[in-house]
Every structure is written in C-alpha cells, then in structure tokens.
Amino acid sequence: MNHGNGSTTVPDEEFWDARYAERDRIWSGNPNATLVREVSDRAPGTALELGCGEGADAIWLATQGWRVTAVDVSGVALGRAAEQAAAAGVADRIDWQRRDLSLSFPEGSYDLVSAQFLHNPGEVLRDRILRTAVAAVAPGGVLLIVGHAGPPPWQHNHDHGHDHGHGHGHPVDEFPTTDEVLAALELPADAWEVQLSEEFTRMQDGPDGQPLERIDTALKVRRRD
C-alpha cells in the first residue's frame, strides 16, 4: 500500500518505520481495553494479531496463556515489541512476523484473530485483509475488529485530510460503521454469529497532550463449531 503525501507516495514499511523512529515509544504500552474485556473470559489458545505495533496486545495475550502470531509492517516496531516481550518473560509465546498484509498473510487457523485500529487509505484494501482474516478463524474462534468511527477531533483544525487517528498525518479515506464492516466481511449467516456490535466513547490524548473524547467501534463475530 502506498500513501499519498502531496505528489509523492511512501511505501507502508518506510512510513511506519519513520513514524516509530520518531520516539522511543509511540503507544501507551497498555493493551486495548476492548480486547481485554472481550477475551479475558476465553480459554487461551492460538491468536493472530494484525497490525501489532509495539506489541502491547500480543504481550498481554501471551501473559494470559495464548500462543500469538503478531504481524506488523514496521521492523522498528517489531524490534521494540520483541524487546518488551523478552522483558515480560513471554518471548517464547510470540511469533513476530514482518508483513505488508495487503501482499501476504500468515498461514494457519487461530482461535482468536484481532484487528485493532487496522485503518489505511482506501478501505477496499482493509476489507480484503479482513476477509482473509475471516478465513483464518478456526471453528469456535472469534474475529475481533476495533476501529475509529471518524477522524480525531483535533483533525478538524487542519486542512490535510483525515489521519490515522493517532495524531499523525497518515490519511484515512473512510471510517466504516460496524454494519458496514460486517457487510464487507461477506459472512455466511449460517456459519457465523455476531456477538458484539457497538459504538463507544473513550478519552484519548491529543497531539498537545490534551484529553479529548474519541468515538470508536467494535465488532466481534464467532465462527460456529
């Protein structure tokens, strides 16, 4: 995937490596709250995390007993994640893989497939990735997709289009509703059940450190046994 920036395009890996190289840590280091809430009562098994970033979700899953395959396009982020996993004592429970998910996808089937804020320009690519993720869910397993419902509030003050939602200029064309995500998955109704479809509000720090309200979406579907 290439991302427009004026008259130039930047490959995903270069964009994200540069982004992660800006600071020693980009994200909070805490697992996403929706993942924790929706997975805590499940028996640990195999998990696939798409767009793992600095690894907080994958590390949390591993500490809960899951065996995790964690994928990201940024080698900088994956190196940082591996260091954190080693410090947490779960390095042997996580397989870190550098992939551009629009070009390749991990093999195998998983009891949990998690896509947390996997946005990119051109949601057609995202839809295709998520449909591939559907095929990776084992019988009885779940697919959990969490995303933003719209651009961040501070973005309204800029004229550079939508951003990824984390305070940097990674443009996003669309922010689909859970119904739109569900429709794009093209799930056979007799083989899947919707366990969660919601829009919720949380607080997120803006680029200047000010706490602002953000609306996100969550969709969880289960493949029937």
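Does threonine 217 count as buried or exposed, and at what relative accessibility? Threonine 217 counts as buried, at 7% relative accessibility. The notes below start from the whole chain and return to this residue at the end.

1. **Overall make-up.** This is a predicted model. The chain has six helices and nine strands. Buried residues make up 50% of its 225 residues. Take the contacts between residues at least 6 apart in sequence: 69% of them join residues at least 24 apart.

2. **Confidence.** The mean pLDDT of the chain is 82. A value of 70 or more is reached by 75% of the residues. Over residues 1-11, however, the pLDDT is below 50. Beyond near neighbours in sequence, that stretch has 18 contacts in the model. Residues 157-170 also stay under 50. For them the model has 46 contacts beyond four places in sequence. Where pLDDT is low, the predicted coordinates should not be read in detail.

3. **The largest nonpolar core.** This core has 26 residues. Those with the most contacts inside it are Leu61, Val68, Ile94, Trp96 and Leu112. Several elements give two or more residues to it: helices H2, H3 (56-63) and H4, and strands E4 (67-72), E5 (94-98), E7 (137-148) and E8 (192-205). H3 gives the most, with five residues. There is also a second, separate core of 23 residues. Val113, Val134, Ala136 and Leu185 are included in that one.

4. **Tryptophan 96.** Look next at one of the residues with the most contacts inside the largest core. Leave out residues up to four places away in sequence. Tryptophan 96 then touches Cys52, Gly55, Ala58, Ile59, Ala70, Leu78, Ala81, Ala82 and Ala85. Leu78, Ala81 and Ala85 are also among the buried residues of H4, the helix taken up next.

5. **Helix H4.** H4 covers residues 75-88, which is 14 residues. From its first C-alpha to its last it reaches 20 Å, close to the 20 Å expected at 1.5 Å a residue. Its buried residues are Ala77, Leu78, Arg80, Ala81 and Ala85. They cover an arc of only 160° around the axis, so they sit on the same side of H4. The face turned away from this buried side carries the exposed residues Glu83 and Ala87.

6. **The two ends of H4.** Look at the start of the helix. There, a side-chain oxygen of serine 74 reaches to within 3.3 Å of the backbone nitrogen of valine 76. Just after H4 comes glycine 89, with a positive phi of about 80°.

7. **Helix H6.** H6 spans residues 178-185. Thr178, Val181, Ala184 and Leu185 are buried in it. Leu185 belongs to the second core. Just after H6, glutamate 186 takes a positive phi of about 55°.

8. **Leucine 35.** This residue lies in helix H2 (residues 33-39). How buried is leucine 35? Its relative accessible area is 0%, so it is buried. Set aside its neighbours within four places in sequence. Leucine 35 is then in contact with Ser40, Asp57, Trp60, Leu61, Leu112, Ser114, Gln116 and Leu144. Sequence distance and space can be set side by side here: leucine 35 and alanine 115 are 80 residues apart in sequence and 9.6 Å apart in space, C-alpha to C-alpha.

9. **Glutamine 116.** Leucine 35 is in contact with this residue. Glutamine 116 is placed in strand E6 (residues 110-116). It is buried, with a relative accessible area of 7%. A polar contact of 3.1 Å joins its side chain to that of serine 114. Beyond four places in sequence, glutamine 116 is in contact with Asn32, Leu35, Leu50, Asp57, Leu144 and Val146.

10. **Back to threonine 217.** Its place is in strand E9 (residues 211-223). Which residues does threonine 217 touch, not counting those up to four places away in sequence? They are Ile145, Val146, Gly147, Ala149, Pro176, Thr178, Glu198, Glu199 and Phe200. Thr178 is one of the buried residues of H6. Val146 is also in contact with glutamine 116. At 7% relative accessibility, threonine 217 is under the 20% cut-off, so it counts as buried.

Methods
Residues numbered from 1 in each chain as written. Heavy atoms only, no water. Helix = DSSP H or I, 4+ residues; strand = E, 2+ residues; numbered from the N terminus. Expected span 1.5 Å × (residues − 1). Buried < 20%, exposed > 50% of the residue type's maximum accessible area, 1.4 Å probe, protein only. Arc of directions from axis to C-beta. Polar contact = N/O pair within 3.5 Å; in protein donor to acceptor, adjacent residues only side chain to side chain. pLDDT = per-residue confidence, 0-100. Contact = heavy atoms within 4.5 Å. Core = buried A, V, L, I, M, F, W, Y, C linked by side-chain atoms within 4.5 Å.
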